[in-house]
Amino acid sequence: MTIFKEPRPERNCYFSTTLEKGKRYLGHIESLRAIAALMVLVFHFLSFHGVDGFLVENAMIRDYSRFGAQGVELFYIISGFVIYYSLTDTNSRIYSYYTYLLKRFARIFPPFLGILALICLVAVIWDGTYPYDAKQILENATLTVDLFRDSEWMNPIFTTLKVEFSFYLIIGFLVIFLRRHLLIYSLVLFAALVLVVFFHSVDLIHNTPFFIAGIVCSEIYKSRNLLVNYLLLICSLTVLVFIFPIEDTIVLIIGVSLILWIKIRSTWLEWIGRFSYSLYLTHGLAGGLFLFLIKNEKYLNLPGWLAIGLAVLVSLAFAYCYYLVIEKRAISWSKKIKY
């Protein structure tokens, strides 16, 4: 693993529609995606509770492992960076909001719907009965579960996809105005942070500081309007410090640092980063099912740490296969759509 600093790009006019000559491969962002996915995976596996108790008996280790759940917030920061980075490299005269949404849909939904189908299939094979009705499946497939009181998510991680896609819907529309003028950009993002202070219990608003941090990092990375963007970054941190748990502040500092200043480049992390979305979607099914079989069903009597290590390997192998079969096709479809 090597850590290096890339040369800072030359300053460009705020109104420039193509801010860099060609899009650079951001390898350190792929590594960061891998870190986020592995954080969530390790947290879930260390928290696994079988019929005989936790796999890891040490309560302190389990408590510290809870920080892995912040991998979700790290994904939000990455999304804010990547989406805004991409959207501000497009020509505003030919940009189409609906084409942008179609591109996002093609990239996100085929792998998501695929894992949804696998969950249904495994449930039928496991119990011999069908535990989900058509209404629940439709609500999960459209990420609208929270709109109905009598429904529930088939997998808790689907709630984070709802937050992500809501961000895509909003930022794809707002970018039309944000990139027109620095004043509009500043007022909208500062106002969004003010909303967090009063309505942070609302799911999407609750996660606004992380998305804004990613957007701001995109602008700082391109050396645009540094004063305004550093002020926005400070305001995001301030909101987190006074309203949110300390681990949210820590993950924002880590995420921003790894995007802007400490660019981690690792062949293995970049490889995992390429299929990190598949890993995020499938680790609960692949690794979780593996742990259930060997600990609850007693197929193998493995020590806790060995079971977790094997579950990680099973999850990586399954996710990579899923990436090759499903996600890679979605990426190909998405790339064919230009906005």
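**Note on the predicted model**

1. α13 gives the most to the lining of the second largest pocket, with 8 residues. The model is predicted. α13 spans residues 276-296, and both α13 and α4 (97-127) supply at least two residues of this lining.

2. The second largest pocket has a volume of about 490 Å³. Its lining comprises 19 residues, and those that lie nearest the pocket centre are Asn155, Gly284, Leu285, Gly288 and Leu289. By class, the lining of the second largest pocket divides into 14 nonpolar and 5 polar residues, with no charged residues.

3. Helix α11 covers residues 246-260, and its length agrees with expectation: at 1.5 Å a residue, the 15 residues should span 21 Å, and the end C-alpha atoms are 22 Å apart.

4. Which residues of α11 are buried? They are Asp248, Thr249, Val251, Leu252, Gly255, Val256, Ser257, Leu258, Ile259 and Leu260. The elements that cover these buried residues of α11 include the helices α1 (27-46), α3 (71-87), α9 (208-221) and α10 (226-243), together with the strand β4 (263-265).

5. The structure holds 0 disulfides.

Note on methods: Residues numbered from 1 in each chain as written. Predicted model: local features only at pLDDT ≥ 70, side-chain atom pairs only at ≥ 80, totals over all residues. Heavy atoms only, no water. 1 Å grid on protein atoms, 1.4 Å probe; cavity = no way out; pocket = protein on both sides within 12 Å on 5 of 7 lines; lining within 4 Å. Points joined across faces, edges and corners; volume = space filled by probe spheres on them. Helix = DSSP H or I, 4+ residues; strand = E, 2+ residues; numbered from the N terminus. Nonpolar A, V, L, I, M, F, W, Y, C, P; charged D, E, K, R; others polar. Expected span 1.5 Å × (residues − 1). Buried < 20%, exposed > 50% of the residue type's maximum accessible area, 1.4 Å probe, protein only. Contact = heavy atoms within 4.5 Å. Disulfide = S-S within 2.5 Å.
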